[in-house]
Amino acid sequence: MAVEITEATEATAELLEAFERLTPQLSSSNPPPSAEALETVAASNATRLLVARSEGLIVGSLTLVLVRIPTGLRAIIEDVVVDERSRGRGVGRALSEHALDLARAAGAVTVDLTSRPSRQAANRLYLRLGFKIRDTNVYRYTL
């Protein structure tokens, strides 16, 4: 399966349709983003919205967050999703490797991500790519 990774810089109808299809495969508790929300992410200097295409169809997405804090440039991978029909075909690897290249080029020295333990294939991929499990606590405060 040939996969092309590009960066979405605007919320097109194609991108909106893709997120309507992909978001339920990523999260059962969050609705697909609106066109306005996608436009905000695509246009932000702090995020790089990557999309994977195969045979002309968007089959996956990854958001790379780049934020400068006093201790340096933080890079975080968020909302990785590959269409269930395209899983196991290198889409997640291509998205992740592209994000790592962008983070490196931007000057980040580490890239963080989280993944639910139930996402076994994704967790195996991250380990194969060289990510290490950190001994840390993740806290969430719901507003």
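**Basis.** I worked from a predicted model, in which local features need pLDDT of at least 70, side-chain atom pairs count only at pLDDT 80 or more, and totals for chains, interfaces and linings use all residues. Residues are numbered from 1 along each chain as its sequence is written, and side-chain values use heavy atoms, with hydrogens and water left out.

**Helix α1.** I took helices (H or I, at least four residues) and strands (E, at least two) as DSSP runs, numbered from the N terminus. I compared the end-to-end span of α1 (residues 13-26) with expectation: 14 residues at 1.5 Å a residue should give 20 Å, and the end C-alpha atoms are 20 Å apart, which agrees. The expected span is 1.5 Å times one less than the number of residues. I then looked for a bend, defined as the angle between axes fitted to the seven residues ending at a residue and the seven starting there. A kink of about 30 degrees lies at Glu20, shortly before Pro24.

**Sheet.** I traced an open sheet of five strands in the order β1-β2-β3-β4-β5, with mixed pairing. The edge strands, each pairing on one side only, are β1 and β5 (111-113). Strands count as paired if DSSP finds at least two bridges between them.

I checked both pairings of β2. With β1 the sense is antiparallel, over five bridges; Thr6 stands opposite Val51, and Glu7 has Leu50 as its bridge partner. With β3 the strands also run antiparallel, joined by eight bridges, including that of Ser54 with Leu57. The hairpin of β2 and β3 has two residues between the strands, and Glu55 takes a positive phi near 50 degrees there.

I noted that six of the eight residues of β2 are buried, so this strand is largely enclosed by the rest of the structure.

**Aromatic pair.** I searched for Phe, Tyr and Trp rings (for Trp, the six-membered ring) with centres within 6.5 Å, planes over 60 degrees apart counting as edge-to-face, under 30 as stacked and the rest as tilted. The count comes to one pair. Tyr126 and Phe131 form it edge-to-face, 5.9 Å centre to centre with 70 degrees between the planes. I found both Tyr126 and Phe131 buried.

Definitions and conventions:
Buried < 20%, exposed > 50% of the residue type's maximum accessible area, 1.4 Å probe, protein only.
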